[in-house]
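The report below is meant to be read alongside the sequence and the coordinates. It takes up the strands and their pairing, then a helix, and then the charged side chains.

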Amino acid sequence: MMRLASTPLISWAASLHRLAQTSCSGKLCADHRVLVQFNSTTAQVEPKQAAKVVEEPPREMWWKALYALGVRRGDVVQGIVLKTTDKGTVTVEVNKIWCKLPRLEISQETVSGPDAAIMFKTGDVVKALFAGRHLSTKSLEASPGDMLRDPQGVYAGAEEAAKAHRLGVKAERQKRVQRLTASGIKEGDVLQGTVEAPSRKGAVVSLGSGVSGNLRSETAEAVVEHAALKQGDVIKVRVTLCDVKAPKVLLSTNLAA
């Protein structure tokens, strides 16, 4: 886990992404961590993380750096392709910040790792929608597969597509608020739900009437219990948070209040 010195995360992230223009150094600290310094900005990291962090910052750092520059979710950004991994993840440099375009966010149609390497070559100029914690070009497609057939056409219509995407997200959010309000669900309720999408950290659970909640693995025992969940399993859960404005519902399998 990264522990910062006296410098805010965003400032350190911004400095980190300007490696081409800055000099860096590192030394071993008393607690066996490595003190990495970029000009006047410092951070302490685990020794085995140091080389990787200097080469490529963690995901949460780049999106916070974009927010610091005034980029907001749903905005279109333009950048230059730095590399594409074998698995199809594309690294794009936007304002000296290394951003990630995951393979599954390239197109609404299936894109393989080799396909991505062909589509995105080092030095290519691309446009993408900033989706909060990743970039997305599939959100700019008017029809599934447009990125595969005519990426330049997608880039040309990026601003209009982004505007339509934002309106769609807003409309969907309003529907979710209405469904959650109508459900009458409140904190402390014990409900029966159906597992929609298991994950390493819990699961998305359908509570009926178009309302879903996030089941969190709060303890080691819960992690083991939730790891056995499968799609379609019917379970009992307790509502630990119901925020209608967000809208957001958090769940627990600990039924005791």
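## The five-stranded sheet

Five strands form an open sheet in the order E7-E6-E5-E8-E9, with antiparallel pairing. E7 and strand E9 (135-136) stand at the edges, each with a single partner strand, so one side of each is left without a neighbour in the sheet. Strands here (E, at least two residues) and helices (H or I, at least four) are DSSP runs, numbered from the N terminus, and two strands pair if DSSP finds at least two bridges between them. The model is a predicted one, in which local features need pLDDT of at least 70 and side-chain atom pairs count only at pLDDT 80 or more, while totals for chains, interfaces and linings use all residues. Residues are numbered from 1 along each chain as its sequence is written, and side-chain values use heavy atoms, with hydrogens and water left out.

Strand E5 (residues 76-84) is joined to strand E8 (residues 125-130) by five bridges in the antiparallel sense, with Val-76 standing opposite Leu-129. E5 is also joined to strand E6 (residues 90-94), again antiparallel, by four bridges, and here Val-81 stands opposite Val-92. The hairpin of E5 and E6 has five residues between the strands, and in it Gly-88 takes a positive phi near 95°. E6 and E7 pair in the antiparallel sense over five bridges, where Glu-93 has Trp-98 in E7 as its bridge partner.

Val-126, found in E8, counts as buried at 6% relative accessibility, where buried means under 20% relative accessible area, exposed over 50%, and partly exposed in between (1.4 Å probe, protein chains only). Leaving aside neighbours within four places in sequence, Val-126 is in contact (heavy atoms within 4.5 Å) with residues including Val-77, Val-92, Phe-120 and Tyr-155. Lys-100, found in strand E7 (residues 97-101), also counts as buried, at 16% relative accessibility. The side chain of Lys-100 makes a polar contact with the side chain of Thr-91 at 2.8 Å; such a contact is a pair of N or O atoms within 3.5 Å, of which, within protein, one must be able to donate a hydrogen and the other to accept it, and residues adjacent in sequence count only if both atoms are side-chain atoms.

## Helix H7

The buried residues of helix H7 are Ala-158, Ala-161, Ala-162 and Leu-180, and they pack against elements that include E5, E8 and helix H6 (151-156). Just after H7, Gly-184 takes a positive phi of about 75°.

## Salt bridges

A search of the whole structure finds five salt bridges, each defined as a side-chain nitrogen of Lys or Arg within 4 Å of a carboxyl oxygen of Asp or Glu.

| Pair | N to O distance |
|---|---|
| Glu-105 and Lys-138 | 3.9 Å |
| Glu-109 and Arg-149 | 4.0 Å |
| Lys-186 and Asp-189 | 3.3 Å |

Glu-109 lies in the loop between E7 and H4 and Arg-149 in helix H5, so this pair ties together parts that are 40 residues apart in sequence. Glu-109 is partly exposed, with a relative accessible area of 34%, whereas Arg-149 counts as exposed at 53%. Glu-109, Asp-146 and Arg-149 are linked in a network of salt bridges.
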